[in-house]
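Here are my notes on this model, point by point. Please read them with the coordinates open.

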Amino acid sequence: MSRRDSPDGEDRFRVRPGAPKQRGQAFVSQVLRQTSKAANSTGRKPGRTPGLRLGRGHVVARFTGQSLSATSRRATVKVRLVYLKQAGARSTITHLRYIEREGVGREQDTGKAYGPMTDEANLPAFEERGREDRHQFRLIVSPEDAEQLDDLRPYTRHLMGRMEADLGTRLGWVAVNHWNTDNPHTHIVLRGKDDTGKDLIISQAYITRGMRERAAELSTEWRGPRTELEIQRTLLREVDQERWTSLDRMLQREARDGLNHVDQPARDPKLRQQRVLLVGRLQRLQRMGLATEERPGVWAVHADAEPVLRAMGERGDIIRTMQRAMGGAQRDLAVFQSGEDSRSVIGLVAGKGLADELYDKGYLVVDGIDGKAHYVALPAKTELAQYPVGAVVEVRGSTEVRTADKNIVALAADGLYRTDHHLAIAKVQATSARDPREVIDAHVRRLEALRRSGIVEHIAEAVWRVPADLPEQGRKYDAQRLGGVAVELRSHLPIERQACVIGATWLDQQLIGGASGIADNGFGSEVREALRQRSDFLIEQGLGERRGQRVILARNLLATLRGREIDSVAKTIATETGLAHRAVTDGERVTGIYRRNVLLASGRFAVLDDGMGFSLVPWKPVIDQRLGQSIVATVRGNRVTWEIGRQRGPFV
C-alpha cells in the first residue's frame, strides 16, 4: 500500500504498487539500460535487469553524480560479487594473500593491508570473521592521477565512509594499495554482512554507477577539477593510442545512422578543438582499417572497431607485462595459444601475476628454451604459488585427446565398455612398471569424471555406456575445465642449481632424452651451458664417462640419483624424529600416517610414519587433504597408488 501523505517523501522510492513508484522511473530505467550496455560490470545480459531497485543504495544512486561535470576528476571502480560456497573454502584467504603480496608497495615492498581504524589489518582474523558469510564484494578503485596522491589510505577510508552513509550501515572491510602498475589502485574486500549481521544487499544501480561517482566526487574534491589544459593533453594522447579511448566513445555517442558528421561548423572554441581531435582520431582509425571517410567530413566507424581496439589494448598491456618480466633481456615475444596444432612450451618462469585481479585469473611469462618469451594466460583460480619464479615448467594445450578416452572407445562393444574385458587384455599386456588393476582404476576414474558431466552413463556394475565420439567430447570437457591450458612444474630449482645437485633433475631428463628443441640463443643458450656443467658433475660423481665428444651416462641414472638424495634426506629426518628410515622397494605396499611432505631436487615426497619408522613416497597435491590420516601406498618406480582405509584412492 502507498502512503502519499508521507511528509519526508521517502515512500515514493519504495518497491510497492502505486503512482509514486512510477515518477521518474522511466528516466532511471533508461540510464541503467544504457549503463548496462556500455559497461556490463555485473556480467548480466544487456537490458533492464529484474530487481534494479532492490537493495541498499537504490535511492541515493539517483543523486550520486549530480555534482560531477565535464571537468570532474574521473575514477574507475570495478566490483565483483563472490558467492563464497561456490568460490571454495580457500577463496578469500588466497585472494587476500595475493593482494598483500611482495612487490606491490610504493617502493616495490610488500603491500600492507589496512582497515577503517588500523594500518596493519589482521587478514586471517578478517577471513575467519567472514567465513560464514553468504557472499562478499571485491572492489578495485583507481582514481585518476592516483600517483600524485601521497597516500591512498585516507582516500580509501573517506570513500568507504561515504559508502557507509549511502548504504545506511557500518561496513567490514580491508584494503591493500597497489603501486606496481601504471595506474595505482586499491583492492578492497568488503564483507557481505551489514552491522546487524544480516546479508548486505547492495542495489545494482549503486554498484554500477553510485560507487564510481562517489569515487570521482572525492577525487575532484581532493585535487580540484581538471583544467582545460589537462583535459586537452589527455585527449591529445588518445588520438594515436591503439586501444578503446574516450574519443572513440564520443564518436560512438555522436554517430547518427552509423555516420559521424565532423564537417559541421562550431562557434565555440572548445567545440572546434574537440572537432580537431575527433578528426585526428578518425584519421588514425582509417590507417588502422577501422574507419572510412564516406565523403568529405562524413565518416563511418566500422562495427568491429570497439572489440578490435579493446583487443589491441590488451595486447599492448601484455607486451608491457612481458617486457617488465624479462628485465631488458632481448627476446622475441609470443602469446601461447592453445589448440589442436599448438606446441608445448618448456622454459623458465620469468614472471607471474594476475591478468585480471578481480577474477583471480593469472598469467605466467615463460622464458622458453626455444629462445622466445611466452605469455601464458592461466585458468581462473590457478594457484600461482605452485610456479615459483626461476622454476622450469612445461605449458601445453589442454585440448589434446586423452589416450584413456581412445582406449575406452576402442575396447567398447556396441557402445558398452566393460572393465572385466579391459582387465583381461591389460593382464596380457602387463609390464613390471604398472599393475593391470591400476590401469583399469585410472580408466574408471576418468569415466566417473565424464559421468558427472553427462558424457557417459554408468548402467551396471563395471559396465559403462559410452558415445562413439568420446575422445572429442572428452577433449572439449578438458578444454572447458582447464581453460585450454595445462602447466606442469618440471623442476622448482633454477637450472644453475640443478647443474650441481644430488638428485634426479630436469637437466638429467634432458641429457637422457637427447636435449632436442633447445635454441642457441636466449634461455636456450643458458640451458646448453647448464647441461654441459651437469655432464661434468655426473662424471665427477662416477655416473658418467666421457668418450670423445660424447658423455655416456650410467644405467638407471635417475633412480640412482633419486635414491642417493632420499638416503641423504632420510638421515636428517631420522635424526629429527628418532625414527628409522624404511627404504621402499619397487612394488612394495607401505602403510603409515601421512605426516608432511618434503621438497627435494627429485620432486616432492610424502613422509609416511608407521610408528616404528618412516618411508618417503612420491607426493601429489590430492593427498594433502589426508594429512594426519593413514595411507596405504604401493610404489612402482616413481609412481604410487594409495588407499585410505577400504577406500581406494586415485592413481597418483
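This is a predicted model: local features need pLDDT of at least 70, side-chain atom pairs count only at pLDDT 80 or more; totals for chains, interfaces and linings use all residues.

1. Which residues make the contact between α8 and α9? From α8 come L247, D248, M250, L251 and E254. From α9 come Q274, R275, L277, L278, R281, L282 and L285. By class, the contact has seven nonpolar residues, four charged and one polar.

2. Leaving aside residues up to four places away in sequence, Q252 touches W244 and E306. E306 is 54 residues from Q252 along the chain. The C-alpha atoms of Q252 and E306 are separated by 9.4 Å.

3. A404, D405, N407 and I408 make the contact from the α11 side. H443, R446, L447 and L450 make it from the α13 side. The tally for this contact is four nonpolar, two polar and two charged residues.

4. R446 of that contact also forms a salt bridge with D478. The closest N and O atoms of the pair are 3.1 Å apart. D478 belongs to helix α14 (residues 470-482), while R446 is in helix α13. The two residues are 32 apart in the chain, and the pair links distant parts of it.

5. R465 has a relative accessible area of 43% and is partly exposed. E457 is partly exposed as well, at 43%.

6. D610 and R582 form another salt bridge, at 3.1 Å from N to O. D610 lies in the loop between β21 (603-609) and β22 (613-618). R582 lies in the loop between β19 (580-581) and β20 (589-600). The pair therefore ties together parts that are 28 residues apart in sequence. D610 is partly exposed, with a relative accessible area of 38%. R582 is partly exposed at 39%.

7. Some salt bridges share partners. R73, D145, R223 and E230 are joined this way into one network. The salt-bridge count for the model comes to 46. As background, side chains of opposite charge can pair when their charged atoms come close.

8. Two backbone angles deserve a look. D414 has a positive phi of about 55° although it is not a glycine. D414 is in the loop between α11 and β13 (416-418). Its relative accessible area is 78%, so D414 is exposed.

9. N556 is the other entry on that list. N556 has a positive phi of about 50°, and it is not a glycine. Where does N556 lie? N556 is in the loop between β18 (550-553) and α18 (557-577). At 60% relative accessibility, N556 counts as exposed.

10. Last, the overall numbers. The protein has 18 helices and 25 strands. It has 652 residues, of which 45% count as buried. Take the contacts with a separation of 6 or more: residues 24 or more positions apart account for 66% of them. The protein exposes about 34,900 Å². Carbon and sulfur atoms supply 48% of that area.

Terms used
Residues are numbered from 1 along each chain as its sequence is written. Side-chain values use heavy atoms; hydrogens and water are left out. Contact means heavy atoms within 4.5 Å. Helices (H or I, at least four residues) and strands (E, at least two) are DSSP runs, numbered from the N terminus. Ala, Val, Leu, Ile, Met, Phe, Trp, Tyr, Cys and Pro count as nonpolar, Asp, Glu, Lys and Arg as charged, and the others, Gly among them, as polar. A salt bridge is a side-chain nitrogen of Lys or Arg within 4 Å of a carboxyl oxygen of Asp or Glu. Buried means under 20% relative accessible area, exposed over 50%, partly exposed in between (1.4 Å probe, protein chains only). Accessible areas come from the Shrake-Rupley method with a 1.4 Å probe; for residues, only the protein chains shown count as cover.
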